[in-house]
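Hello,

Here is the structure I promised to send over. Please open it first, then read my notes below.

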Amino acid sequence: MKMKKIFILLGLIGLLTTSCDEFLTIYPETSLSVPTFYKTEADFTQAINGAYAPLRLLNNHEGGGMWVLTEMHSDNTIFQRLAQFGARERWHDVAQHAVPTADGVTANLYVKHAYVDLFQIIARSNQVLYTIDEADFDANAKDNIKGQAHFLRAFSYFQLVRLFGKAPLHLVPVTNRQEAALELSDAAALYTQIELDAKEAIQLLPVKSAQEAGRATSGAARMLLADAYMTQQKWSDAETQLMAIVNSDEYVLMPSYAEAFSESSANKNNMESLFEIQYKEGSEGLHGSWFYAMIPRPITAEEVGSITGTSNPLNITNEANNIPTPDIIAAYEEGDLRKDASIAYITLSNVLWKDGTYPYIKKYAKTHALHGNHGMSWPVYRYSEVLLALAEVLDEQGKPGAMDYLMQVRERAGLMNEPAGDLSDAIFKERRVELAFENKRWFDLVRTGRAVDVITAYGQRVKTNPGEYYFPEGEDPYPHGFQEIRLTYGLPASEADLSPNF
């Protein structure tokens, strides 16, 4: 069982190492290995498709995914506590900033899921990059596949460095257990590699209009690089990448905020989308089910159907996750069209909390055919974030033009007035409502140095008034929570069993 805990030997996934005496070795026609499989453009297309696949798992694990570690770790969403059910510790601990951690490791299930999924992407990208130069096929197609692999590796390490602050830096395929147990690289080393990979991806990838829908593009790679630069406060470098995206004329804001998000089977990869995680409704195993973890409960089949429009809705019991907090609801200004597009309410018949009326995330509540099987994309980067990021980097450098980019986003939201007060605070607040429920808030709190103060104050509000945060009146929902706000998670204990470096 221990061998199952390793990230599949960092993604070997049944593939063998390339032999130096490849021409001397005869492989059975029924055998798939690195020497026999990675030959043609079709082979490498299949391989890069495999590198994308774990992205779907990042949000799609039972009961949650990356949004548990990010949105529910912030003041935007919370675990829904019901008096008739016991708390699920793996969610509850994340929401209350009390994830059990000892000697830098934790057994929390969602920490493990994120770590393993991200390293699967890295491992599969490494396999592509390690073998593709020796293959003989069209140079442009080869560059495109290589660019996607560089993007996916950079994206994965960017998530890892922000979640954990350190990680083993694997850049070639792992062929045995000993190679998997690398020493941990610090944040500086990880960011250096993220920048190298993102820059390579920018050079190799086509623009959105010339790329197959759903795949990484040069614009997506530029946004990833700008995001990494902003996290390191490299404002001028970030500005260069963001201006290149704006000047590319490849992206525009959708006419309305609600139109920025995909339907279950339509409006995917629209002109506001730089990159989104792809799901496909149906029987091919590519569907999502993550939205069902965000529906307040216990909820009857009829109530589920009123949200999802499915033909076979089912009762859902137990507690739920990612329920919008009163704090995020209050963050919207009067007249902000994004509020009604992002949050809706449902009154449940079988709950004991107040009148049973809960908010839920409307921006992802799209009609689909069958219960637990939907195809909504998960937004990773949208053009509105490019505009807000550009406003931020210009403001940080004291350059003109920040308000112009900020107002493009506000005007689409129906807000025609320039915000009063400090511009940097206004941009920060705008990011919160524009990017709500897109896994941005926790990282924004950390990178701007606000996390400890904001989450400490939020925790005090929850503990003082639990009835407003979906807890039974009079209950102390977090007796041990919010006592130590850590900026990163401990590494997964399951991996510590396999490496002396954790």
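Which residues in H10 meet which residues in H11? Tyr191, Ile194, Glu195, Ala198, Lys199, Ala201 and Ile202 in H10 meet Ser218, Ala221, Arg222, Leu225, Ala228, Tyr229 and Thr231 in H11. Contact means heavy atoms within 4.5 Å. By class, this contact of H10 with H11 has nine nonpolar, two polar and three charged residues. Ala, Val, Leu, Ile, Met, Phe, Trp, Tyr, Cys and Pro count as nonpolar, Asp, Glu, Lys and Arg as charged, and the others, Gly among them, as polar.

A word on the source. This is a predicted model, where local features need pLDDT of at least 70 and side-chain atom pairs count only at pLDDT 80 or more, while totals for chains, interfaces and linings use all residues. Residues are numbered from 1 along each chain as its sequence is written, and side-chain values use heavy atoms, with hydrogens and water left out.

Back to the helices, which are DSSP runs (H or I, at least four residues) numbered from the N terminus. H10 spans residues 187-204 and H11 spans residues 218-231. They pack at an angle of about 155°, with axes 8 Å apart. Axes are lines fitted to C-alpha atoms over the stretch in contact, and angles run from 0 to 180 degrees between N-to-C directions. H10 and H11 are therefore roughly antiparallel (angles over 145 degrees).

Now take H17 (residues 402-412) and H18 (residues 423-434). Their axes come within 11 Å and cross at roughly 30°. That makes H17 roughly parallel to H18 (angles under 35 degrees). Ala402, Met403, Leu406, Val409, Arg410 and Arg412 in H17 meet Leu423, Ala426, Ile427, Glu430 and Glu434 in H18. By class, that contact of H17 with H18 has seven nonpolar, no polar and four charged residues.

Next, the salt bridges. Each is a side-chain nitrogen of Lys or Arg within 4 Å of a carboxyl oxygen of Asp or Glu. The structure holds 28 of them. Arg410 and Glu430 form one of these, at 2.9 Å from N to O. This pair links H17 to H18, 20 residues apart.

Which residue does Arg431 form a salt bridge with? The partner is Glu385, with the closest N and O atoms 3.3 Å apart. Arg431 is in H18 and Glu385 is in H16 (residues 383-396), 46 residues apart. Lys440 also forms a salt bridge with Glu385, at 3.0 Å between the closest N and O atoms.

Best wishes

Note on methods: Helix = DSSP H or I, 4+ residues; strand = E, 2+ residues; numbered from the N terminus. Parallel < 35°, antiparallel > 145°, perpendicular 65-115°, else oblique.
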